[in-house]
Amino acid sequence: VQLQASGGGLVQPGGSLRLSCVASGSIFSINVMAWYRQAPGKQRELVAALTGGGSTNYADSVKGRFTISRGGNKNTVYLQMASLKPEDTAVYYCNADISTNYHLSYNFWGQGTQVTVSS
């Protein structure tokens, strides 16, 4: 299983970006897809998560500004980021809990994508 993240870049404060993450490989089911971020000198933190049943969870710092959603093929997750602030600057990582068969599930990480919010 591989997770391929994309969509990062440089944006001005108040701007928007959309991150995408596509899961591929031997996938039986996707239980949770999530976005984490890690700013320089800080620990990696959960930004948003989306369960297979559609439940969402957001960090308090992004509530009302970020939206996590699944794509039509269900193997894609998006993070729509609006009203971006300089403190949102970080490397963003896609994460997924994926079942490869009926009995086994594993946690996977994608490569990071840099988001820089600066004027």
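Rings, strands and a disulfide

Me: How many aromatic pairs does the count come to?
Reply: The count comes to 4 aromatic pairs, where rings of Phe, Tyr and Trp (its six-membered ring) pair if their centres lie within 6.5 Å, and planes under 30 degrees apart count as stacked, over 60 as edge-to-face and the rest as tilted. One of these pairs is formed by Phe-28 and Tyr-102. This is a predicted model, in which local features need pLDDT of at least 70 and side-chain atom pairs count only at pLDDT 80 or more, while totals for chains, interfaces and linings use all residues. Residues are numbered from 1 along each chain as its sequence is written, and side-chain values use heavy atoms, with hydrogens and water left out.

Me: Why is the pair of Phe-28 and Tyr-102 called edge-to-face?
Reply: The centres are 6.4 Å apart, which is within the 6.5 Å limit, and the planes make 80 degrees, which is over 60, so the pair is edge-to-face.

Me: Which residues do ring pairs link into a cluster?
Reply: The cluster is made of Tyr-36, Tyr-93 and Trp-109.

Me: What makes Arg-44 count as a charge over the ring of Tyr-93?
Reply: A charge sits over a ring if NZ of Lys or CZ of Arg is within 6 Å of the ring centre and within 35 degrees of the ring normal. Arg-44 lies over the face of Tyr-93 at 3.7 Å from the ring centre, which is within the 6 Å limit. The charged end of Arg-44 also sits over the ring of Trp-109, 4.6 Å from its centre.

Me: What makes the link of Cys-21 and Cys-94 a disulfide?
Reply: A disulfide is a pair of cysteine sulfur atoms within 2.5 Å, and the S to S distance of Cys-21 and Cys-94 is 2.0 Å, so the pair meets the limit. The structure holds 1 disulfide. Cys-21 belongs to strand β3 and Cys-94 to strand β9 (residues 90-99), 73 residues apart, and the pair links distant parts of the chain. The link is left-handed, with -85 degrees about the S-S bond.

Me: Why does Cys-21 count as buried?
Reply: Buried means under 20% relative accessible area, exposed over 50%, and partly exposed in between (1.4 Å probe, protein chains only). Cys-21 has 0% relative accessibility, which is under 20%, so Cys-21 is buried. Cys-94 also stands at 0% and therefore counts as buried.

Me: In what order do the 4 strands form the open sheet?
Reply: The order is β1-β3-β8-β7, with antiparallel pairing. β1 (2-6) and β7 (66-70) are the edge strands, each pairing on one side only. The twist averages 15 degrees from one strand to the next, where axes are lines fitted to C-alpha atoms and angles run from 0 to 180 degrees between N-to-C directions. β1 and β3 pair over 5 bridges, and Ser-6 stands opposite Ser-20 in β3.

Me: Why is Ser-20 called buried?
Reply: Its relative accessible area is 15%, which is under 20%, so Ser-20 is buried. Leaving aside neighbours within four places in sequence, Ser-20 is in contact (heavy atoms within 4.5 Å) with Gln-4, Ala-5, Ser-6, Trp-35, Val-77 and Tyr-78.

Me: Why is Gly-14 called exposed?
Reply: Gly-14 has a relative accessible area of 52%, which is over 50%, so Gly-14 is exposed. Gly-14 is found in the loop between β2 (9-11) and β3, and, not counting residues up to four places away in sequence, Gly-14 touches Ser-83 and Leu-84.

Terms used: Pairing = 2+ DSSP bridges. Helix = DSSP H or I, 4+ residues; strand = E, 2+ residues; numbered from the N terminus.
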